[in-house]
Amino acid sequence: MLLKEVSETSNEDRTAEELLLQEKYSLSSSHSATDAILGQAHEVSATLRNQRNAFTNATSRLASIGKAVPGVNTLMQRIQNKRTRDNTILAIVISFCICFILFYVLRSWGL
């Protein structure tokens with residue numbers, strides 16, 4: 001009888017130890033996954049910083065070219081004016097379409 005109790009206690013201890021080892025492995029695995037994700041986040045952050053610097057440098061180069069060559073500056077201003085005009089026309093067309101749809105929906109409901 002005493003031997004049976006000792007073996008049951010020993011089995012319970014092993015099960016507890018196995019559970020603790022599984023938990024330790026799970027925590028280690030989670031820690032490794034978290035480290036990997038943080039590493040990826042740092043890489044993405046560095047890449048975005050490099051892109052921002054590249055765009056800043058490109059913008060400053062274009063501005064310096066615009067100042068050095070008067071024709072380029074005029075061309076860039078014309079392109080900007082055309083873009084503004086196109087955006088305005090597009091906004092007017094979208095507004096007209098929305099008004100027409102609202103008018104159509106209100107007419108179909110009999111209001």
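This report describes the fold, surface and side-chain contacts of a predicted model.

**Overall architecture**

The protein chain contains 2 helices and 0 strands. Of its 111 residues, 1% count as buried. The accessible surface of the chain comes to about 10,300 Å², and carbon and sulfur atoms account for 64% of that surface.

**Helix 2**

Helix 2 covers residues 70-108, a run of 39 residues. At 1.5 Å a residue, a helix with this number of residues should span 57 Å. Helix 2 is followed by G110, a residue whose phi is positive, near 80°.

**The salt bridge**

The structure holds 1 salt bridge. Its partners are K82 and D86, whose closest N and O atoms are 3.2 Å apart. Both residues belong to helix 2, where they are 4 residues apart and therefore separated by about one helical turn. An α-helix has 3.6 residues a turn, so residues three or four places apart point the same way. K82 is partly exposed, at 43% relative accessibility, and D86 is also partly exposed, with a relative accessible area of 34%.

**A nonpolar surface patch**

L62, I65, V69 and M76 form a nonpolar patch on the surface. Together these residues have about 320 Å² of accessible area. One of them, M76, lies in helix 2. M76 counts as partly exposed because its relative accessibility is 34%, which lies between the limits of 20% for buried and 50% for exposed residues.

**Cysteines**

The count of disulfides comes to 0. For C97, the closest cysteine sulfur is that of C99, at 9.4 Å. A disulfide requires the two sulfur atoms to be within 2.5 Å, so the sulfur of C97 is too far from that of C99 for a bond. C97 is partly exposed, with a relative accessible area of 39%, whereas C99 counts as exposed at 53%.

**Accessibility of selected residues**

The table gathers the relative accessible areas of the residues discussed above.

| Residue | Relative accessible area | Class |
|---|---|---|
| M76 | 34% | partly exposed |
| K82 | 43% | partly exposed |
| D86 | 34% | partly exposed |
| C97 | 39% | partly exposed |
| C99 | 53% | exposed |

Note on methods. Residues numbered from 1 in each chain as written. Predicted model: local features only at pLDDT ≥ 70, side-chain atom pairs only at ≥ 80, totals over all residues. Heavy atoms only, no water. Expected span 1.5 Å × (residues − 1). Salt bridge = Lys/Arg side-chain N within 4 Å of Asp/Glu carboxyl O. Buried < 20%, exposed > 50% of the residue type's maximum accessible area, 1.4 Å probe, protein only. Patch = residues over 30% accessible without salt bridge, like charges linked within 9 Å, V, L, I, M, F, W, Y side chains within 5 Å. Areas by Shrake-Rupley, 256 points an atom, 1.4 Å probe, with all protein chains shown as cover.
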